[in-house]
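Here are a few friendly notes to read alongside the model. They follow one theme, the charged side-chain pairs.

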Amino acid sequence: MSDTLTKHHPASPNGCDDVCHNDSGNTEFASVLNARLSRRNLLKGGFGLAAGSFMSFGLTGCLSSGGGSKKDDAFKLGFTAVAKGIEDALRIPTGYSFSALYRLGDPLNSTTAAYANDGTDSAASFQFRAGDHHDGMAYFGLNAAGLAKDLSNNARGLLCMNHENITQIFLHTAAEVGAGFDNTARVPAQIDKEVNAHGISVIEVLKGTNFSINQLSGFNRRYTALSNMEISGPAAGDDLLVTAYSTTGAATRGTLNNCANGVTPWGTYLTCEENWAGYFKRPASNTLSAKAAAAQNRYIGSGVNNGSYGWANPAGGDTSGTGQYDRWNITPTGATAAADYRNAANTMGWVVEIDPFAPGATPRKRTAMGRFGHEGAMPAKAVAGKPLVYYMGDDAQGEYIYKYVSNANWDAADANGGLTAGNKYLDDGKLYVATFNADGSGTWTELSIANAAIAAAAYGFADQADVCINCRLAADAVGATPMDRPEWTGVHPVTGDIYITLTNNSKRGSTGLTTGGKSYGLDAANPRYYDDGEGGKGNPNGHIVRIRETGSDHAATTFAWDVYLFGAENDQFGNASINISGLTDDNDFSSPDGLWFSQAVPGLMWLQTDDGAYTDVTNCMMLAALPGQQGDGGPVNVTSTAVPSNANADQTVTTHAGADATAATLRRFLVGPAGCEITGITETPDGKTLFVNIQHPGERTAAADIGTPANFQSHWPEGGNARPRSTTVVITKDDGGIVGA
C-alpha cells in the first residue's frame, strides 16, 4: 500500500493509517556507518567488513530435506518476460492462460442473485457475495468427495481469501455517489454494505476445464466486519478489551482490513488485520487519561476524527439496540468501559485464526502474536521437536519487524487439531522485535513485561496483556529498528532465509517529523534517499530485506541480514546508489508488497507490487524470482544527495546488498490492468495452477465520473462500460506444466 492518500486508494477514504505514528525517537540503526565517502569509493563484491565471517556461515541445519537443494538448483524460469505497460488488461507470458474465478459481488451460493454491478445490490446480500479488494489467500485441499481435508488434492479445495478494503464509489449507485458521503450522517444501509464487503471469504473450488466455485458447498461462507470473533491468548479478558458487547473482554465483532495471511501446519488459515485504525471515530487524545492518550497517539493519532467511512455516524443515530454502529466510536461515553466502546479499537490489529474445514467454529484472535498493523504471519517450516515460528511486518512508516516463537514444540500428532491446536501453539509463546545493526548482524528482543526497559517505560505497562495490546510501545522501549514499511514476509523452504518486503517510505531521509523527534535519517537497512524526478522523494521504490537466523535456527535471538533486492526504475541503470541491484527493462519494479514462496517448487518466489511511483510507465506487476541466499553479495556504499536529515548535504551509508538480479533469477511474469494492485497468491499442491488476486482496478476513477462510464480508469475484467471489479484469476500453463517453468 502506498504511503500517502494521493497514492493509496484515492477512491476510498481509508488508507492514511500507514503513515507513521512512531515518535519514539529510536535511531534507525544501533550503529550506523555514515562515513562521508565519495561516490567513486563505491564497494560491491567481497566483504570488507568484520561482519563478513558472521554473515557467511553455511547451510548446515537448513530446514530443507537433503534433496530440496537439488530440485531448487534444477528449476529454471522458462517464460519470456512480460513487458511493462499501462493497458487496461491482464498480461501474462505467451504459453499461459487465465480465467476469472471470483469477482467482487459474485454469489457464494445458488440462491443469491447474480451481481448487478451498478450499486443496487442489497447490503444484506453481501453476506453471501464476494467482498471487495481481494488480498492474501491460501488453498486447502479437500478430498474427492468434498467432505474432509486432503491437503494433497489438486482438483478440489477450499480457497480462503481476505477482502481488505473497498472502492467506495463502485459499491453504491451513481445517485448515491453523486449525493456524496457525509461522514457525520451516513445512510445506514450504505454502512451495512461497506461493512459486509470487508472481511474473509471461504469458497470451495472445483477443477473441470477450468476451476469454478461450487455454489452448493456447505463450506462456503463469509466473515465480515460484523461477524462474531473470540479473543484468545494472554490478553483475553483484559480490562483493555472490555466493551459493551463483551463485558468480560473475551469476544468482539468483526475482522477488518485483512491484508496478508498465513497458514498453520494443522491446516488452518491466518488472516491479519492491517490498517484498521482509521475506521474508528475518536476523540482528541488530550481528553483522555495519560495512558489512553499514549496508546491512541501511537496507534491511531491524536486529533478528533469521524473515521474513514463515518460508520459510527448513521443518520438518526444508532437505533439497532446492539451497538452495531456505536461500536465504531471509541469516545468514552459511559461510566465504565463496559458501558461503551472506548476499547473497541483494541480488539482489532490481531492475527485471526479460521478453520476452513469447520464452518461452525468461531474465529479466534490470537493475542500472543501482538497487536499492530499486521501485514501477514508467515511460518518457518514446522520441524518436529522444535517451536513454531512466525514472521510478521507492521505496515507503516517507521514501524518494526516481529517474530513469534511458540513455547510448545511441534508435535505432528496435532496435524488435525484445528483451533484447539491453535490454542496450544498460538496462545502461548514469545513475541520478539528486530534490531538491525550496521555491521550486518541483528538481534531479536523479546517483548516481555520482565524486560527492564519495558517495565520502566513511560507508558506504564500493567502486565503482559498490556504489552501484547500495545506492543508498538513496548518495541519503542527496547530500541527496535524502524523500517520502511514492513509488509509481507516469506521463508525460503530450502535455505530457511527470511524475506521481508519494505514497500517504500516517502519520509526516509527527512528531518524529525513529530514532537517526539522521530528520525527518518538514513541507515544501513534503509539507506537510500533520492528524488525520482516525478514527485517521489525518500525511498519511493522500496527494497526487500533478507535475514538468516544464527545457526539456521528460527528460534535464535540473533541473525545476519542483507538487502536481497532494491526496487528501482530501469532508467536508473548504472546509478549504483539507486539501481543497486542492477535491474533491467525485463525485471525492474517499484514498491514490493506481496512475497510468497511456492511449496511445489522450493526456491521459486513470487513478488507482487503496489506502486504509485512508476505508474506513468507501468501498471502493478508480479515477478518470478530464484533468490540465492543471505550473504551472496557484499557491502555497498550508497551516496544520496542533499539529504534533509543531513542538513541537505550529501551522505554515504554502507549497506549490505545481495547479488545482482539477472535474467535467470528475476523476470516479470504478469502486468495487471489499470489502477490495480497485484496482491494475494496461492497454488494447487502440484504448482500447476496459480491463483492470483487483482485488487481495486480503476481505483483512480473520480467520484465525479461515476455517471460517465467512459471516464472510468478501468473496466476490467468485464470490459465495455462495466464497473471494474477486484477479481481472483486462475493461471495455468497451456502445456499443463508447472507455472513459471
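1. A term to start with: a salt bridge here is a side-chain nitrogen of Lys or Arg within 4 Å of a carboxyl oxygen of Asp or Glu. Please keep in mind that this is a predicted model. By that definition, the structure holds 30 salt bridges.

2. Take arginine 103 and aspartate 106 as a first stop. Their side chains form a salt bridge, with N and O 3.2 Å apart. Arginine 103 is partly exposed, at 26% relative accessibility, whereas aspartate 106 is buried, at 10%.

3. Next, have a look at aspartate 340 and arginine 342. This salt bridge has its closest N and O atoms 2.8 Å apart. The aspartate 340 side of the pair is buried, with a relative accessible area of 2%, while arginine 342 is partly exposed at 27%.

4. Then there is the salt bridge between arginine 472 and glutamate 399, at 3.7 Å from N to O. Which parts of the chain does this pair tie together? Arginine 472 belongs to helix 10 (residues 471–477) and glutamate 399 to strand 15 (residues 397–399), so the link joins parts that lie 73 residues apart in sequence.

5. Through salt bridges that share partners, Arg472 and Glu399 are joined with Arg298, Asp394 and Asp476 into one network.

Notes. Residues are numbered from 1 along each chain as its sequence is written. This is a predicted model: local features need pLDDT of at least 70, side-chain atom pairs count only at pLDDT 80 or more; totals for chains, interfaces and linings use all residues. Side-chain values use heavy atoms; hydrogens and water are left out. Buried means under 20% relative accessible area, exposed over 50%, partly exposed in between (1.4 Å probe, protein chains only). Helices (H or I, at least four residues) and strands (E, at least two) are DSSP runs, numbered from the N terminus.
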